[in-house]
Amino acid sequence: MKQTIFIVEDDTSLQELYTYSLENEFDCRCFGDGNSLFAMLEKEKPALFLLDIMLPGDDGLTILAKLKENRKTANIPVIMVSAKGTEVNKVKGLNMGADDYIAKPFGVLELVARIKANLRRTTAKETQSNVTFKDILFDINKHQIFVNGAPVQTSPKEYNLLYLLCKNAERVQEREDIFTKVWGEGFMGETRTLDIHIKELRKKLAENQSVAAIQTIRGIGYMLV
């Protein structure tokens, strides 16, 4: 059975391109705006969202925020799609919980590879258990991180990244291994994606006065100490 992808794109020619390119492997549903998307979400949930940033009404970032605030859709992977290739848009989307970002124009093979990588990451998540290191606590049942007893809000990728570092505290995690375990095999995004997420986690740990720190091991990766 094909997995369903919800695509939010107001350009009908691009909707046709998405459908034509993906229909052999996925069941694609296209929506021209956020209102029609959320109306369908009352009836059905997809395996993944493809979300354009420039849209009539609510833009893609606003829709992304609503998806991540809703428990029913918070853990469904989202790939942001936009003609805007600036780092500002990439950083903003990733920090708000997007799982990946692809800039127009893009190749069909790259798009399919990105979708498959994100779906693999979602379906192949390892079984997690409560983990603690110094003043960091992961409560798996609540899917919540606590630092110094206070809850810390993170995006899904930030959560999984800090979990990996915490579970392997005081052991170096190589960049390639982090990408495989957090973003999935075949990740084709920019390598700076990891650095952006590390920067945000460091900021959140500092804001909560954590005694734990993420060290950069130059040329290799990162380690929580």
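In the predicted model, helix 7, spanning residues 175–183, is in contact with both helix 6 and helix 8. The axes of helix 6 (residues 156–167) and helix 7 come within 10 Å and cross at roughly 130 degrees, which makes helix 6 oblique to helix 7. The crossing of helix 6 past helix 7 is right-handed. On the helix 6 side the contact is formed by Lys157, Asn160, Leu161 and Leu164, and these residues meet Ile178, Lys181, Val182 and Trp183 of helix 7. Sorted by class, the contact of helix 6 with helix 7 comprises 5 nonpolar, 1 polar and 2 charged residues.

The packing of helix 7 against helix 8 (residues 192–207) occurs at an angle of about 80 degrees, with the two axes 11 Å apart, and helix 7 is therefore roughly perpendicular to helix 8. Here Arg175, Ile178, Phe179 and Trp183 of helix 7 meet Thr193, Leu194, Asp195 and His197 of helix 8. The residues of this contact divide into 4 nonpolar, 2 polar and 2 charged.

The buried residues of helix 7 are Ile178, Phe179, Val182 and Trp183. Because these residues cover an arc of only 100 degrees around the axis, they lie on the same side of helix 7. An α-helix has 3.6 residues a turn, so residues three or four places apart point the same way. Just after helix 7, glycine 184 adopts a positive phi of about 100 degrees.

A one-sided arrangement is also described for helix 2 (residues 34–41), whose buried residues are Gly34, Leu37 and Leu41. Viewed down the axis of helix 2, the buried residues fall within an arc of 60 degrees and so line one face of the helix. The elements that cover these buried residues include strand 1 (3–8), strand 2 (26–31) and strand 3 (48–52), together with helix 3 (60–69).

Helix 3 also contains lysine 68, which counts as buried because its relative accessibility is 17%, under the cut-off of 20%. When residues up to four places away in sequence are not counted, lysine 68 touches Ala74, Ile76, Val78, Met96, Gly97, Asp99 and Pro156.

Aspartate 139 is located in strand 7 (residues 136–139) and, with a relative accessibility of 15%, counts as buried. Leaving aside residues up to four places away in sequence, aspartate 139 touches Asn130, Gln144, Phe146 and Tyr159. Asparagine 168 is placed in the loop between helix 6 and strand 10 (173–174), and its relative accessible area of 15% makes asparagine 168 a buried residue. The C-alpha atom of asparagine 168 is separated by 8.1 Å from that of methionine 223, although the two residues are 55 residues apart along the chain.

Methods:
Residues numbered from 1 in each chain as written. Predicted model: local features only at pLDDT ≥ 70, side-chain atom pairs only at ≥ 80, totals over all residues. Heavy atoms only, no water. Axes fitted to C-alpha atoms, helices over the stretch in contact; angles between N-to-C directions. Helix = DSSP H or I, 4+ residues; strand = E, 2+ residues; numbered from the N terminus. Parallel < 35°, antiparallel > 145°, perpendicular 65-115°, else oblique. Left-handed = near helix turned anticlockwise from the far one by under 90°. Contact = heavy atoms within 4.5 Å. Nonpolar A, V, L, I, M, F, W, Y, C, P; charged D, E, K, R; others polar. Buried < 20%, exposed > 50% of the residue type's maximum accessible area, 1.4 Å probe, protein only. Arc of directions from axis to C-beta.
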